[in-house]
Amino acid sequence: MAAEAGHHEHRDDEGSKTGMWLFLFTEVLLFGGLFIVYAVYRHRFGHEFHAAAGELNKFMGVTNTFVLLTSSLTMVLSVGALQRHRLAESLRWLWVTFGLACCFLVIKFFEWSAKHHHGIWPGGEHLHAMPPGEGLFFNLYFMMTGLHGIHVLVGMAVMATIAARMRAGKISGDRYGALEYTGLYWHLVDLVWIFLLPLFYLTN
């Protein structure tokens, strides 16, 4: 009895799930506040926001939307495979999700590089020369898409950690909560981008 008690592993799945939902709620509050700030300034500088949005590359924005939506699907497939005790398949889908996240950041890098080349960058001369509303649009654009990009990087780091724990046998078909919570986080990252796309790329 003493040996069994010594190997007993304490788990609080309900507590973990509640904590994860609370964390996601704080993320919604964070981006929700930024969306409100955007709405206020767009109401004030509607014409300038429309003009500035024409400078963004809609093709890259829409392509990145497709990439993130696909990554949400592969994340669902990864969680589903682990729930069916298919560890190898789950790992493959998780790495595909990781690769799509990399693809998103690469596209974003080229998009930002093009803007930097034209001087449209926080602190850039061209940005300072723009009408106040257009400069404000791009400052919000870099802040909000940059914050979203940081969330993508965090998601990738978590995915790599989860993959290592899966290979070590610490996450399995009987204990898949960590992967499920990672999936919830990733879906939130996807959802935030779906709101960012029309605000910045399709507003004109």
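## The largest pocket

The largest pocket of this predicted model has a volume of about 350 Å³. Its lining is made up of 16 residues, of which Arg11, Asp13, Arg175, Gly177 and Ala178 are the closest to the centre of the pocket.

Two helices, H2 (13-44) and H8 (177-201), each contribute at least two residues to this lining. By residue class, the lining of the largest pocket comprises ten charged, four nonpolar and two polar residues.

## Overall architecture

The chain contains eight helices and zero strands, and its pattern along the sequence reads α-α-α-α-α-α-α-α. The C-alpha trace spans about 75 × 30 × 25 Å along its principal axes.

Of the 204 residues in the chain, 40% count as buried. The accessible surface of the chain is about 11,100 Å², and carbon and sulfur atoms account for 67% of that surface. Among contacts in the chain with a separation of 6 or more, 82% are between residues 24 or more positions apart.

In soluble globular proteins, nonpolar side chains tend to be buried together. The largest nonpolar core in this model has 51 residues, and those with the most contacts inside the core are Leu94, Phe137, Phe138, Met166, Leu179, Trp186 and Phe200. At least two residues of this core come from each of H2, helix H3 (46-53), helix H4 (58-83), helix H5 (87-117), helix H7 (132-167) and H8. The helix that gives the most to this core is H8, with 13 residues. Helix H8 also supplies at least two residues of the lining of the largest pocket.

Phe200, one of the residues with the most contacts inside the core, can be examined individually. When its neighbours within four places in sequence are left aside, Phe200 is in contact with Tyr38, Ala53, Leu56, Phe137, Leu140, Tyr141 and Met144. One of these partners, Phe137, is likewise listed among the core residues with the most contacts.

Pro122 lies in the loop between H5 and helix H6 (125-129). Its relative accessible area is 40%, so Pro122 counts as partly exposed, a class that lies between buried, under 20%, and exposed, over 50%.

Leaving aside its neighbours within four places in sequence, Pro122 is in contact with Leu127, Asn139 and Phe142. Pro122 and Asn139 are 17 residues apart along the chain, and their C-alpha atoms are separated by 6.4 Å.

How values were computed
Residues are numbered from 1 along each chain as its sequence is written. This is a predicted model: local features need pLDDT of at least 70, side-chain atom pairs count only at pLDDT 80 or more; totals for chains, interfaces and linings use all residues. Side-chain values use heavy atoms; hydrogens and water are left out. On a 1 Å grid over the protein atoms alone, a cavity is a set of points where a 1.4 Å probe fits but cannot get out, and a pocket is an open set with protein on both sides within 12 Å along at least five of seven lines; lining residues have an atom within 4 Å of a point. Grid points are joined across faces, edges and corners, and a volume is the space filled by probe spheres set on the points. Helices (H or I, at least four residues) and strands (E, at least two) are DSSP runs, numbered from the N terminus. Ala, Val, Leu, Ile, Met, Phe, Trp, Tyr, Cys and Pro count as nonpolar, Asp, Glu, Lys and Arg as charged, and the others, Gly among them, as polar. A nonpolar core is a set of buried Ala, Val, Leu, Ile, Met, Phe, Trp, Tyr and Cys residues joined through side-chain atoms within 4.5 Å. Buried means under 20% relative accessible area, exposed over 50%, partly exposed in between (1.4 Å probe, protein chains only). Contact means heavy atoms within 4.5 Å. Accessible areas come from the Shrake-Rupley method with a 1.4 Å probe; for residues, only the protein chains shown count as cover.
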